[in-house]
Amino acid sequence: MSSAIRRTPGRLATLGCATLVATSLAGCGSVKSIAGADSGKDAITMGTTNVTGVLDPAGAYDQGSWLILQNTFQGLLRFPEGSTLPQPDAAQACDFAGADATTYHCTLRSGLTFSNGDPLTAQDVVFSMDRMKKIKDDNGPSSLFDTVKSVEAKGDGEVVFHLSVPDATLPDKLASAAGSIVDHAVFPADKELANDKLIGSGPYKIDSVDQSAAADGTKSINKIALSANGKYHGDQKLKNSKFNVKFLASPDDLKSALDSGQVDLTDNSLDPNVSAQLLTDQQTGKGTIKVTQADGNDTRFLVFNTKDETAGQQAVRQAVAQLIDRQALARDVYARTVQPLYSVVPSGVAGHSTSFFDRYGNPDPAKAKALLAAAKVPTPVKLNIAWSRARAQSAETDTIKKQLEAGGLFQVTVTQQPDWTAYKKAWTAGTYQAYTVGWSADYPDADDFVAPLVVDGGAFHNGFDDPQISNKLVPQEQRQADRTVAASTFAQIQDALATQVPLLPLFQNKSFFAARADITGVELTVDSTGVFRFGEIGRG
């Protein structure tokens, strides 16, 4: 989930070693403004279409919420600028005890406090983990910590994680927003806290949350106002003292907000054709908007409800895989701001393969027809595809519909649920036959494109579970501390998914961040970590 992440093979080769994250940090500072800080000017406002309705770390598991949590909460570890190796944050040092990767020990920094002045201790770390697993929100991140059997506090300054099975990716998970430490004196142990009540210990604190409620009580956040947390103890330095995030309904609304000055910068949410044009204007000296381009590993899938009478048939899913033209999607719909994806693990991530291309090759209606005929599936197959949010808006699913219907094998109905919270609830309930969803990595490892998506229905709740993948191959790759060795296991998983097609990879994003002329620092936070650090942004 979180933001786009670009990996480097060197990072993955050392992931999960027994000495991982053994570095110590001396001392602890407070939030500091450095040269170029906003010095009392109006808050910098960022716009995004990655809407969210839940901020509590126990239930937050989408790009919009993690964008906020990564800047307002601390975990034991964090991904520092330009590195995908987790480093201490609230911890002073962490490491695995022994070579079996089943016991993980952390020593906390001294003097940690939450923004309300409450001390942050080992008891809060234990509370945060136990609470998340107890609440077990269907749309939350608790499944990331299924390998955690128990967490033990030794006094105020030491924490020990006891794992049921080896998990070399635990440090990465703790460094994600899912590892956010909450105040046990503020957060209830058995339910989620209201968005406007959250207290963290990160470099920013939440001042206000502007939100609206639907008829069913679900919340949609419109704007969040943040300010520097004077009680923060960490090594991040801020170039602004106030930062707002404005959530917009559509890419068109986001572009209008940028043009009018309602927002100072955007994340990677603009319409792809707009991003491409802004980049061209910048290169030719025509525009005043600055565009920062970066590699991206945000991925996009067509997910199938494998419990549905129609989408539950493997031959139907294989026929769709045989018909989808990713090149046309990338070229005609996304103006080449994305690249075709032929695996659940994106290109650039160690362990990536091209399993779907290897199995299906280029789009071929004749092969798709043969797949359906062999399974005695009558045509045209009636299929409903749902969507909620897309940078290309309806053009994405409209193009998929045309591709599937072109040979007469499918009759597709497209529906939109614009309310993101309602959309997630609907796919969790099995309402849709097929639906498009994006995925951003929680931590920089191929495991995060596999385990959260295809084990026991995964984050998309599509009902798929292959015991060979869930009970053998995933535990096998999670035991392999040398992640280069895990590549062969990932290849087996990707081949199995290409055969069964519980979800169909469509493309991975390139990232385009737009900012007004006086905004600085975007290029400093668009890096391989995938974490957008508000503190790097200033006014020139």
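This is a predicted model: local features need pLDDT of at least 70, side-chain atom pairs count only at pLDDT 80 or more; totals for chains, interfaces and linings use all residues.
Residues are numbered from 1 along each chain as its sequence is written, and side-chain values use heavy atoms, with hydrogens and water left out.

**Stop 1: helix α2**

Show residues 63-72. Nine of the 10 residues here are buried, so α2 is largely enclosed by the rest of the structure. Helices (H or I, at least four residues) and strands (E, at least two) are DSSP runs, numbered from the N terminus. Contact means heavy atoms within 4.5 Å.

**Stop 2: aromatic rings**

The structure holds 22 aromatic pairs. Rings of Phe, Tyr and Trp (its six-membered ring) pair if their centres lie within 6.5 Å; planes under 30 degrees apart count as stacked, over 60 as edge-to-face and the rest as tilted.

Select Tyr342 and Phe357. Their ring centres are 5.3 Å apart and their planes stand at 75°, so this pair is edge-to-face. Tyr342 sits in the loop between β13 (338-340) and α9 (355-360), and Phe357 in helix α9, so the pair ties together parts 15 residues apart in sequence. Tyr342 counts as buried at 15% relative accessibility. Phe357 is partly exposed at 35%.

Go on to Trp439 and Phe460. Here the centres are 5.8 Å apart and the planes at 90°, so this pair is edge-to-face. Trp439 belongs to strand β16 (residues 434-439), while Phe460 is in the loop between α13 (451-454) and α14, so parts 21 residues apart in sequence are tied together. Trp439 is buried, with a relative accessible area of 3%. Phe460 is buried, with a value of 3%.

Ring pairs link Trp439 and Phe460 into a cluster with Tyr61, Trp66, Phe301, Trp420, Tyr423, Trp427, Tyr432 and Tyr435.

**Stop 3: α14 and α15**

Show α14 (residues 467-479) and α15 (residues 487-500). Their axes come within 9 Å and cross at roughly 150°. That makes α14 roughly antiparallel to α15. Axes are lines fitted to C-alpha atoms, for helices over the stretch in contact, and angles run from 0 to 180 degrees between N-to-C directions. Angles under 35 degrees count as roughly parallel, over 145 as roughly antiparallel, 65 to 115 as roughly perpendicular and the rest as oblique.

Pick out the meeting residues. From α14 come Ile469, Leu473, Val474, Gln476 and Glu477; from α15 come Thr489, Phe490, Gln492, Ile493, Ala496 and Leu497.

**Stop 4**

Select Asp124 in helix α3 (residues 122-135). Asp124 is buried, with a relative accessible area of 0%. Beyond residues up to four places away in sequence, Asp124 touches Phe114, Pro119, Ile181, Val182, Asp183 and His184.

Finish at Glu536, in the loop between α16 (522-525) and β19 (538-539). Glu536 counts as buried at 13% relative accessibility. Leaving aside neighbours within four places in sequence, Glu536 contacts Glu81, Lys239, Thr520, Gly521, Leu524 and Thr525.

Methods:
Buried means under 20% relative accessible area, exposed over 50%, partly exposed in between (1.4 Å probe, protein chains only).
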